[in-house]
Structure formats: C-alpha cells, structure tokens
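Good morning, colleagues. Please look at the sequence and the structure on the screen while I go through a few points.

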Amino acid sequence: MSANTLANEIKKEQQQEQESLNLFYSTQTVIQKALSKLGYTNEMFELLKEPIRMLTVRIPVRMDDGSVQIFTGYRSQHNDAVGPTKGGVRFHPEVDEEEVKALSIWMSLKCGITDLPYGGGKGGIICDPRKMSFRELERLSRGYVRAISQIVGPTKDIPAPDVYTNSQIMAWMMDEYSRLREFDSPAFITGKPIVLGGSKGRETATAAGVTICIEEAVKKKGMELKGARVVIQGFGNAGSYLAKFLHDAGAKVVAVSDVYGGIYDPDGLDINYLLDKRDSFGTFSKLFDNTITNKELLELECDILVPAAISNQITAKNAANIKAAIVVEAANGPTTLEATHILTERGILLVPDILASAGGVTVSYFEWVQNNQGYYWSEEEVKEKLAAVMTQSFDSIYNTAEAHEVDMRLAAYMVGIKKVAEASRFRGWV
Ligand SMILES: NC(=O)C1=CN([C@@H]2O[C@H](COP(=O)(O)OP(=O)(O)OC[C@H]3O[C@@H](n4cnc5c(N)ncnc54)[C@H](O)[C@@H]3O)[C@@H](O)[C@H]2O)C=CC1
Ligand SMILES: O=C(O)CCC(=O)C(=O)O
C-alpha cells in the first residue's frame with residue numbers, strides 16, 4: 001500500500017470513529033432508518049432530524065470572590081407537535097450544543113415510547129458544579145431560568161433534573177420562574193422536593209424503570225436475577241438507587257464506579273454502606289485504596305452490565321471485550337452505533353437508553369399531572385403506574401424488534417418516533 005493510500009485509509013478510519021462518537025449524527029442515522037422502515041417520506045426526516053428551536057444563552061454569575069463569570073447554557077426543543085416539550089437540564093463541563101440537541105431528540109423518543117403527551121426538550125450549562133459553592137450554584141440556576149424564561153413554562157417546555165442537577169436546583173429554578181411570572185407554578189418544573197409539589201417516587205424513578213427493564217430482559221434470556229452478577233458504571237441518582245434495588249432483589253452487585261474510578265468484589269459489594277458514603281455528586285471511590293478504572297470496570301466478568309453515567313462508554317474499541325450477557329443503558333447514549341452492532345452480533349441483549357431510562361420522565365409526567373390537578377398520589381400508586389408503563393414499553397419494543405428482525409435500539413426508535421411523526425402529519429406540518 002502506498003504512503004498516500006495508507007494516509008487516506010487512516011483518515012477514513014479516524015473520520016468513521018469520530019462520526020460514531022458524534023451523538024447527534026448517530027441519532028440522525030437511526031431516525032432516518034426508523035422512519036424509512038415505517039414508510040415515511042424524506043420530508044418527515046427533514047422535519048425530525050433537527051430540533052425546531054435551540055436557544056443559546058450567556059449567563060453572568062457573581063462569584064463568591066466578587067468576580068463575574070459568564071456561563072454558556074442551552075435549551076433545545078425537538079418537536080412540540082404532541083404537546084409541550086419536556087426534559088432535564090445538565091450541569092457539566094463537557095456539555096455541548098450538539099449533545100443537547102441529540103438529548104432533546106431522545107426525549108421525544110422516550111415520550112413516544114411511554115406514550116406521554118409531550119415532545120422532547122433538553123438543557124445544559126457548561127460548568128463544573130463540583131467546583132462551585134452552594135450560593136454560586138443558586139445564582140447560576142436562577143440566571144439560567146431568567147435567560148430561557150420566554151420559551152419555557154408549564155404548557156410550553158418543562159425542565160427536570162439530569163447529570164449533576166438535583167431537587168434543590170429544581171426548587172431554585174421553580175422559585176425564580178414563579179417570581180418572573182408572578183404566580184406560583186409548580187408544574188413549571190419536575191423533580192422538585194416533595195414539599196414544593198414533587199412526586200413521591202420521582203427520586204428513584206429512573207432506577208426503578210431500569211430495574212423493570214432488567215427483570216424483563218433476564219426473563220427473555222432465560223436467566224435468574226437472584227444471584228446474577230451486576231456491574232454498574234456511575235453511582236449518582238440512576239446508578240446508586242439501581243444498585244440498591246438490584247441488591248434488594250437478590251442480585252450480586254460486584255462493581256460500581258464514579259467519575260474517578262470503581263471498586264470490585266466478586267463476592268458482592270455492601271451497597272447500603274456505599275449509599276451511605278456517596279456524596280451529592282455520586283462520588284465515593286476516593287474513600288478506597290484498591291480501585292479499578294472505569295475502562296476496566298466495563299470489561300469485568302458479569303451477567304448484567306449497566307452504564308449509568310455518561311455517553312460513549314462502549315465503543316468499537318471495547319465492545320468485543322464486554323463479558324455481560326445483558327447490557328441495559330441507564331445513561332443516555334453510552335453505546336455507539338458500531339458497538340451496538342458488535343454487541344448484537346455477539347448475541348448480547350442490549351436494552352437501549354430511550355427505553356431503559358424512561359422511568360424518570362414517566363414519573364416527571366405523573367408529577368406534572370399531580371401539580372395540575374392539585375391532588376397527590378401515594379408512593380404505591382406511583383410505583384404501580386410506573387411499572388405498568390415500563391412493562392408495556394419493554395414488551396412493545398421487544399416485539400417490534402422480533403417482528404422486524406432488528407436490534408432493540410432500532411425497534412425503540414421505530415416505536416418512539418411514530419407518535420411525533422403522526423402528530424406532525426395530522427397537524428399538516430409534513
Ligand atoms: N436523573 C434522571 O432522572 C435521569 C438520568 N438519566 C441519565 O443517567 C445518567 C446518570 O445521570 P444521574 O444519575 O442523574 O447523574 P448524577 O449526576 O446523579 O450522577 C452521575 C454519576 O456519573 C459519574 N460520572 C460522571 N462523569 C463520569 C465519567 N466521565 N466516567 C464515569 N463516571 C462518571 C458521577 O461520578 C456520578 O456517579 C446520565 O446519562 C443521565 O442523562 C436518564 C434519565 C433520567
Ligand atoms: O424527568 C424528566 O422530565 C426528564 C428526564 C431526562 O432528562 C431524561 O430522561 O434524560
């Protein structure tokens with residue numbers, strides 16, 4: 001091979017790798033496939049391949065030392081044909097515009113899968129909350145709401161928590177919105193503290209939904225949850241409660257991690273101890289000496305692997321080394337398209353993010369309904385309703401995958417995109 005051809009080959013490979021890590025590009029690729037399988041024209045793809053609205057804001061925040069720092073934030077609204085848009089807000093140093101756009105599209109798909117009366121939205125601010133004080137975080141949260149207030153609201157776009165945001169941040173955001181609009185409107189945001197109109201069961205909802213998907217996946221694989229070895233990447237809202245639920249169900253959680261690394265014990269970890277020790281950012285590993293890297297954690301011997309942290313963790317580089325029989329994506333976008341293909345070829349059952357993590361938005365919807373009616377449900381009622389939605393969603397996607405002989409990711413896109421496509425069609429947009 002000549003030097004020129006080799007250079008071109010390397011460039012092509014680099015481009016391919018780059019593309020597979022680009023969440024927005026890969027989302028568009030699967031949407032196009034899903035729409036074409038469902039028989040929609042290219043016009044529908046042209047409408048749904050991008051958000052209808054994307055706002056970029058600059059937020060000045062007075063820091064504790066008296067200086068002013070300017071933060072960049074985003075709010076993306078994918079499509080509001082079905083109803084108001086809905087989705088979380090993340091505070092993270094690696095937030096970027098393309099990722100927020102992809103995340104908002106996934107919210108449309110999640111709401112389609114769970115049949116909620118919403119389109120997808122998502123927000124993010126480039127910041128590192130771990131390095132900010134409580135008061136700086138409050139000023140940033142309030143500044144973000146002031147900056148996006150024109151396009152959000154209980155009947156327009158309803159934010160919620162995501163990575164490194166929590167019920168306290170939702171409370172500040174709600175308070176700021178109430179001041180701006182001069183009326184108290186708890187339905188403006190979900191994931192609030194219970195005393196401010198939060199729903200029982202929202203805090204644990206994402207993990208509860210993932211648990212139901214794992215139970216269903218285990219049945220399909222003819223396995224038992226009791227005694228199954230589970231590895232979880234991420235020990236925040238999603239990962240930590242999931243570890244607790246699976247541990248309580250008799251599974252053996254052998255490894256968990258945070259951003260700095262993980263811990264592994266083939267005999268099973270003391271999950272209650274770890275829950276007690278983790279901080280509000282889902283961090284605990286610095287308390288231990290013998291840690292493993294996140295890369296090592298993903299390739300451990302186990303039956304069930306759950307990426308519950310950030311995107312692009314299982315890629316073409318490590319997919320062949322994954323040992324689990326079942327991979328359930330609690331995080332948004334943890335597996336690239338190439339890796340999805342490799343895992344599927346290897347007979348590993350992959351339950352995709354837009355299904356597995358839909359428990360959060362489902363209970364957020366319950367919260368919004370309770371706020372609108374001013375009547376609040378018991379935790380049992382919330383759990384029962386969530387279980388019904390998740391089981392039905394799992395079945396419909398598993399059956400679609402079987403019927404169309406496609407992987408569960410493409411099946412989930414087919415189920416998820418249908419509602420927004422049909423709503424857009426009935427409105428006469430396409
Ligand atoms: N909180 C929710 O209701 C929902 C969350 N999700 C998704 O679940 C995932 C986790 O979200 P939460 O648990 O809410 O966040 P969180 O902020 O509560 O916890 C994040 C966890 O990930 C770890 N982490 C952060 N960066 C990492 C890295 N580079 N490598 C390894 N670990 C890292 C953190 O140390 C922490 O343990 C995200 O992808 C989020 O979008 C999806 C649906 C709903
Ligand atoms: O609870 C919500 O409304 C949104 C949750 C979310 O951001 C997600 O599912 O990724």
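Predicted model: local features only at pLDDT ≥ 70, side-chain atom pairs only at ≥ 80, totals over all residues.

Leaving aside residues up to four places away in sequence, Val306 touches Val210, Ile214, Val230, Val231, Ile232, Gln233, Leu242, Val328 and Ala330.

Val306 belongs to the largest nonpolar core, which has 87 residues. Within that core, Leu35, Ile214, Ile232, Val256, Ile304 and Val306 touch the most other members. Helix α15, residues 408-426, supplies the largest share, with 10 residues. Both domain 1 (7-183) and domain 2 (205-347) contribute residues, and therefore the core lies between them. Apart from this core there is another, of 27 residues, including Ile59, Phe71, Phe91 and Ile125.

I turn now to the strands. Strand β3, residues 85-92, runs parallel to β5, and 5 bridges join the two. Gly88 stands opposite Ala160 in β5.

The UniProt record, an unreviewed entry, carries the annotation "active site" for Lys122. This residue is placed in strand β4, residues 119-126. Is Lys122 buried or exposed? Lys122 has 2% relative accessibility and therefore counts as buried, the cut-off for buried being under 20%. With residues up to four places away in sequence again left out, Lys122 touches Tyr74, Arg75, Ser76, Gly88, Val100, Leu103, Ser104, Met107, Asp162 and Asn332. Gly88, listed among these contacts, is the residue that stands opposite Ala160.

Methods: Residues numbered from 1 in each chain as written. Chains lettered and ligands numbered in written order. Heavy atoms only, no water. Pairing = 2+ DSSP bridges. Helix = DSSP H or I, 4+ residues; strand = E, 2+ residues; numbered from the N terminus. UniProt positions renumbered as here; feature names shortened; annotations may be inferred. Buried < 20%, exposed > 50% of the residue type's maximum accessible area, 1.4 Å probe, protein only. Contact = heavy atoms within 4.5 Å. Core = buried A, V, L, I, M, F, W, Y, C linked by side-chain atoms within 4.5 Å. Domains from an automatic or database assignment.
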